[in-house]
Amino acid sequence: MEKSDKEVLDIAMRNSYKVLFENGNEEEIMESDKYYFAHNPFAPYTKDFMYNMLQFFIEEEEYEKCINISKRINKWNSDPTRKKL
């Protein structure tokens with residue numbers, strides 16, 4: 001059964017969050033049947049992406065994730081991209 005765009009976005013955001021905030025393994029995720037990402041997990045990510053992720057989790061009412069994302073945004077320096085920490 002094919003997934004809707006909303007389902008794919010949900011999986012992608014959760015996988016990206018897992019990689020960026022929970023030390024998720026990109027390669028294990030890519031080998032699963034839920035292999036979508038909202039960002040390229042092997043490249044730097046942007047502050048704009050973090051704002052998009054924040055907005056997604058606000059809409060999902062997952063405020064603990066929002067707090068973690070906001071903290072990372074607040075620590076951002078002038079460099080518009082970041083690598084996985």
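## Contacts along the chain and overall layout

Among the contacts in the protein chain that join residues at least 6 apart in sequence, 56% link residues at least 24 apart. The model in which these contacts are found is a predicted one. Of the 85 residues in the protein chain, 33% count as buried.

The protein chain holds 4 helices and 2 strands, and these elements, read along the sequence, follow the pattern α-α-β-α-α-β.

## The packing of H1 against H3

Two packed helices are described by the angle between their axes and the distance between the axes. For helix H1 (residues 5–21) and helix H3 (residues 47–59), the axes come within 11 Å and cross at roughly 120°. That angle makes H1 oblique to H3, because angles over 145 degrees would count as roughly antiparallel and those from 65 to 115 as roughly perpendicular. The crossing of H1 and H3 is left-handed.

On the side of H1, the contact is made by Leu9, Asp10, Met13, Arg14, Ser16, Tyr17, Leu20 and Phe21, while H3 contributes Phe49, Met50, Asn52, Met53, Phe56 and Phe57.

## The largest nonpolar core

In soluble globular proteins, nonpolar side chains tend to be buried together. The largest nonpolar core of this model has 14 residues, of which Leu20, Tyr45, Phe49, Met50, Met53, Phe57 and Ile69 touch the most other members. The elements that give two or more residues to this core are H1, H3 and helix H4 (63–74), and H3 gives the most, with 6 residues.

Methionine 50, found in helix H3, has a relative accessible area of 0% and is therefore buried. With neighbours within four places in sequence left aside, methionine 50 is in contact with Leu20, Phe21, Tyr45, Ile69, Arg72, Ile73 and Trp76. The C-alpha atoms of methionine 50 and isoleucine 73 are separated by 7.0 Å, although these two residues stand 23 residues apart along the chain. Isoleucine 69, when its neighbours within four places in sequence are likewise set aside, is in contact with Tyr17, Phe21, Met50, Met53, Leu54 and Phe57.

## A buried proline in a loop

Proline 41 lies in the loop between H2 and strand E1 (45–46). Not counting residues up to four places away in sequence, proline 41 touches Val19 and Glu26. The C-alpha atoms of proline 41 and asparagine 15, which are 26 residues apart along the chain, are separated by 9.4 Å.

## Positive phi values in two loops

Asparagine 23 lies in the loop between H1 and helix H2 (26–31), and its phi is near 55°, a positive value in a residue other than glycine. The relative accessible area of asparagine 23 is 66%, so this residue is exposed.

Glutamate 61, found in the loop between H3 and H4, has a positive phi of about 60° although it is not a glycine. Glutamate 61 counts as exposed because its relative accessibility is 58%, a value to be set against the cut-off of over 50% for exposed residues.

Note on methods. Residues are numbered from 1 along each chain as its sequence is written. This is a predicted model: local features need pLDDT of at least 70, side-chain atom pairs count only at pLDDT 80 or more; totals for chains, interfaces and linings use all residues. Side-chain values use heavy atoms; hydrogens and water are left out. Axes are lines fitted to C-alpha atoms, for helices over the stretch in contact, and angles run from 0 to 180 degrees between N-to-C directions. Angles under 35 degrees count as roughly parallel, over 145 as roughly antiparallel, 65 to 115 as roughly perpendicular and the rest as oblique. A crossing is left-handed if the near helix is turned anticlockwise from the far one by less than a right angle, and right-handed if clockwise. Contact means heavy atoms within 4.5 Å. A nonpolar core is a set of buried Ala, Val, Leu, Ile, Met, Phe, Trp, Tyr and Cys residues joined through side-chain atoms within 4.5 Å. Buried means under 20% relative accessible area, exposed over 50%, partly exposed in between (1.4 Å probe, protein chains only).
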